[in-house]
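Let's take a walk through this protein together. Keep the picture open while you read, and look for each part as we get to it.

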Amino acid sequence: MLSRAGLRARAGLGLLQHSQQLKAAARLAPAPCRWNSGLPVNIGVLFVPQQEAWVVERMGKFHRILEPGLNFLIPLLDRIRYVQSLKEIVINVPEQSAVTLDNVTLQIDGVLYLRVMDPYKASYGVEDPEYAVTQLAQTTMRSELGKLSLDRVFRERESLNASIVDAINQASDCWGIRCLRYEIKDIHVPPRVKESMQMQVEAERRKRATVLESEGTRESAINVAEGQKQAQILASEAEKAEQINKAAGEANAMLVKARAKAEAIQLLAAALSQQHGSAAASLSVAEQYVNAFSKIAKDSNTVLLPANTGDVTNMVAQALGIYTTLTKPQAVKSQDETLPAHEEPQPASTEMLKAEQGSSS
């Protein structure tokens with residue numbers, strides 16, 4: 001009996017010692033280190049590295065935050081509880097599934113960039129800042145994707161990233177952490193959705209090709225019509241200019257012919273007014289009469305001849321009589337102008353009388 005009681009006492013004492021050892025180990029266990037692998041030991045004189053903040057507790061209560069450089073602490077009373085890194089931290093957000101506005105399930109992941117702005121809030125505001133920010137990024141990403149359709153997710157990645165950053169900063173302000181940016185790495189869609197998207201892209205490309213081809217045909221027809229219009233306008237302008245030039249040439253030719261004819265008439269009148277002018281005119285009329293008879297019946301078989309065709313003298317006398325009759329009024333008028341008003345006109349010359357007699361016969 002004594003042996004059994006001794007064994008029981010020994011067993012109870014061992015269990016008590018083991019529980020005391022566990023409690024002592026729990027008290028002496030190092031505090032959780034945020035963003036660092038280990039906590040420094042307080043030896044009185046400490047050197048804090050740059051871009052780090054050491055949170056010191058004195059007798060279990062927050063005392064102060066050590067700045068980079070040389071710092072002095074009281075051993076046994078002061079204890080470094082947290083070490084916060086002030087550098088920019090990169091966190092990979094695990095891949096997760098999200099449903100878009102048009103009920104398409106996506107697999108999406110991202111990268112989160114943040115920085116500790118207040119070491120006190122980061123140490124005492126949340127137990128695990130990295131886990132909290134990661135979970136907040138995932139839930140915010142799901143909620144933001146649920147507001148967008150599949151097409152807008154690919155087009156508005158920048159606005160989606162900005163919305164996630166704003167949502168994280170609003171929630172993590174009390175944690176002393178600021179999210180600098182969030183980037184979506186990969187977006188995976190289901191195979192069937194990917195096939196439908198490829199078919200949609202091919203249909204859109206065929207549509208664009210058809211539209212471009214029709215626009216090309218339309219532009220070609222417009223260019224051809226415009227070219228024909230311009231050609232007709234230029235041709236009409238050229239024809240107009242040609243007609244104007246032709247009319248101007250004909251008018252100039254008529255003026256030149258009229259001037260030449262007027263000069264010829266003036267020269268003929270001057271020649272007739274000279275001595276023996278009538279004889280020269282008679283000779284010219286006789287030559288023209290002979291030349292005209294030489295051309296009779298060359299162009300046509302129907303010929304009209306006067307009764308006395310062979311009497312050349314009579315024909316010449318008739319021509320001169322007609323000429324004298326036409327020129328007589330002008331000669332009388334000129335003589336009336338030259339003679340004084342009180343003088344009587346002189347009788348006509350014998351040659352004029354003979355011409356009148358010949359014309360009357």
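A patch of nonpolar side chains, as used here, is made of residues with over 30% relative accessible area and no salt bridge, joined within 5 Å. Keep in mind that we're looking at a predicted model. On its surface, V45, F47, L70 and F72 form such a nonpolar patch, with about 440 Å² of accessible area together. Strands β1 (45-48) and β4 (69-72) each supply at least two residues of the patch. Take F72, which sits in β4: its relative accessible area is 54%, so it counts as exposed.

Now hop over to helix α5. Its 15 residues, 157-171, reach 22 Å from the first C-alpha to the last, close to the 21 Å expected at 1.5 Å a residue. Which residues of α5 are buried? They are L160, N161, I164, V165, I168 and N169. These cover an arc of only 165° around the axis, which means they lie on the same side of α5. What do they pack against? The buried residues of α5 pack against β7 (105-116), α3 (129-145) and β8 (177-188).

Next up are the charged pairs: the whole structure has seven salt bridges. In one of them, the side chains of D78 and R58 meet at 2.5 Å, N to O. This pair links distant parts of the chain, with D78 in strand β5 and R58 in strand β2, 20 residues apart. D78 is buried at 3% relative accessible area, while R58 is partly exposed at 28%.

Another salt bridge joins E204 and R208, with the closest N and O atoms 3.7 Å apart. Both sit in helix α6 (residues 191-273), and because they are four residues apart, about one helical turn separates E204 from R208.

Conventions: Residues numbered from 1 in each chain as written. Predicted model: local features only at pLDDT ≥ 70, side-chain atom pairs only at ≥ 80, totals over all residues. Heavy atoms only, no water. Expected span 1.5 Å × (residues − 1). Buried < 20%, exposed > 50% of the residue type's maximum accessible area, 1.4 Å probe, protein only. Arc of directions from axis to C-beta. Contact = heavy atoms within 4.5 Å. Patch = residues over 30% accessible without salt bridge, like charges linked within 9 Å, V, L, I, M, F, W, Y side chains within 5 Å. Areas by Shrake-Rupley, 256 points an atom, 1.4 Å probe, with all protein chains shown as cover. Salt bridge = Lys/Arg side-chain N within 4 Å of Asp/Glu carboxyl O.
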